[in-house]
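My entries follow in the order I made them.

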Amino acid sequence: ALGDQFELIETFVEAMVRGSALQVTATSFARAPAQPGWKTAPSSSGRRRQRGCTTRLRAVADGEIDPKIVKVANKVADAASKVTRKYFRYSPAMSSISLELKEDESPVTIADKEAEKAMREVIEDYFPGHSIYGEEYGCHVPGRESGTEEAKMVWVLDPIDGTKSFITGKPLFGTLIALVCDGEPILGIIDQPILGERWVGVKGQKTQFNHKDVGVRECDSLGSAYLYATSPDMFQGSTALSFEHVCTKVRTPLYGCDCYAYGLLSMGFCDVVCEADMKPFDYMALVPIVQGAGGVITDWNGNPFDNFDLSNVEATEVIAAGDEGVHKEALEALNFEEQRHSDVAQVM
């Protein structure tokens with residue numbers, strides 16, 4: 001088909017751009033001597049590459065996101081998918097997948113680690129100057145102080161958001177990919193590889209689900225809202241009190257979807273997602289998806305997530321809603337204790 005021919009041509013041209021004239025094939029690459037001015041640099045994935053062999057793509061030009069960047073992001077998702085599908089429900093007892101616990105007692109498997117390595121390799125092949133912040137391997141910040149445009153770019157990765165769902169055989173986990181430019185997430189992907197479902201959000205564009213535009217639904221009040229949270233156990237102390245109060249205001253609280261709930265929100269199947277103890281790799285990818293579908297996503301104080309900094313990756317709370325009015329009501333419900341103290345102070 002003509003489309004297939006264009007695809008082949010595009011792939012060939014891309015390969016030519018990514019390599020020099022001396023390195024069209026893997027064999028010639030292996031045999032080719034280092035060129036003057038090349039530097040061999042270590043990557044976060046442990047591989048070494050010649051910096052001369054890079055694609056010269058600009059993520060943002062004249063305020064528009066290069067469509068090729070979205071293609072690369074989808075390749076990152078595809079790379080993770082190959083790993084997670086290989087390990088999902090690998091054996092009935094999951095005996096072949098060793099489970100570790102991190103310092104915060106959250107589980108991590110070989111699938112998490114292999115998937116993130118695969119994701120990093122794709123990014124580093126196309127954008128060796130971009131920074132990467134991932135859940136499993138932390139920060140890789142080449143040229144962070146260079147002051148170049150590339151230094152402003154950070155990929156934020158969570159190979160398996162919902163590891164507990166993954167290890168118990170429930171296909172509601174997801175791979176999260178965000179590209180952040182100057183602190184603002186400009187591209188986000190939720191990929192559910194088992195179900196073959198993918199949400200892609202790009203700043204200034206409509207969110208897409210499997211290549212079709214989607215959007216949130218209207219909701220007349222918080223009392224009519226269906227609310228999702230991963231688990232009531234994620235709320236502790238004051239956040240638990242706030243969450244319990246919100247639950248008394250909605251129609252139905254539901255649990256157990258991890259990032260998948262934000263995809264449902266973007267398609268108009270639920271109205272609110274409320275969560276706590278969220279790291280940047282848990283929520284940065286969700287921002288362009290929710291916003292591109294017409295929704296609102298902030299922290300519990302109503303602050304937007306547009307000021308990401310690698311020097312501050314502390315956990316925070318997240319509230320997302322399809323309807324702006326419902327989002328406002330949810331914020332008020334979450335901060336009811338603060339409002340009550342304020343009212344008491346005014347009376348006194």
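**Helix α4**

I began with α4, which has 17 residues and spans 25 Å from its first C-alpha to its last. That is close to the 24 Å expected at 1.5 Å a residue; the expected span is 1.5 Å times one less than the number of residues. Helices (H or I, at least four residues) and strands (E, at least two) are DSSP runs, numbered from the N terminus.

I noted the ground rules next. This is a predicted model, in which local features need pLDDT of at least 70, side-chain atom pairs count only at pLDDT 80 or more, and totals for chains, interfaces and linings use all residues. Residues are numbered from 1 along each chain as its sequence is written, and side-chain values use heavy atoms, with hydrogens and water left out.

I looked at the start of α4. There a side-chain oxygen of Thr 109 comes to within 3.1 Å of the backbone nitrogen of Ala 111. I logged this as a polar contact (a pair of N or O atoms within 3.5 Å; within protein, one must be able to donate a hydrogen and the other to accept it, and residues adjacent in sequence count only if both atoms are side-chain atoms).

I then listed burial. Buried means under 20% relative accessible area, exposed over 50%, and partly exposed in between (1.4 Å probe, protein chains only). The buried residues of α4 include Ala 111, Ala 115, Met 119, Ile 123 and Tyr 126.

I picked out Val 122, which lies in α4. Val 122 counts as buried because its relative accessibility is 16%. Leaving out residues up to four places away in sequence, Val 122 touches Val 72, Lys 75, Val 76 and Ala 79. Contact here means heavy atoms within 4.5 Å. I also checked Ala 80: its C-alpha is 10.0 Å from that of Val 122, and the two are 42 residues apart along the chain.

**Salt bridges**

How many salt bridges does a search of the whole structure find? It finds six. A salt bridge is a side-chain nitrogen of Lys or Arg within 4 Å of a carboxyl oxygen of Asp or Glu.

I looked at Lys 86 and Glu 114, whose side chains meet at 3.5 Å, N to O. This pair links distant parts of the chain, with Lys 86 in helix α3 (residues 67-87) and Glu 114 in helix α4 (residues 110-126), 28 residues apart. Lys 86 is partly exposed at 46%. Glu 114 is partly exposed at 27%.

Are Glu 116 and Arg 120 buried or exposed? Both are buried. Their closest N and O atoms are 2.9 Å apart in a salt bridge. They are about one helical turn apart, because four residues separate them in α4.

I found another bridge between Lys 203 and Glu 184, at 3.1 Å between the closest N and O atoms. Lys 203 lies in the loop between β12 (197-202) and β13 (208-209) and Glu 184 in strand β11 (residues 184-192), so the pair ties together parts 19 residues apart in sequence. Shared partners also join Asp 78, Asp 191 and Arg 198 into one network of salt bridges.

**The sheet**

I traced an open sheet of five strands, in the order β16-β15-β17-β19-β18, with mixed pairing. Two strands pair if DSSP finds at least two bridges between them. The edge strands are β16 (252-255) and β18 (296-298).

I followed β18 to β19 (residues 316-321): three bridges join them, and they run antiparallel. Thr 298 stands opposite Ile 319 in β19.
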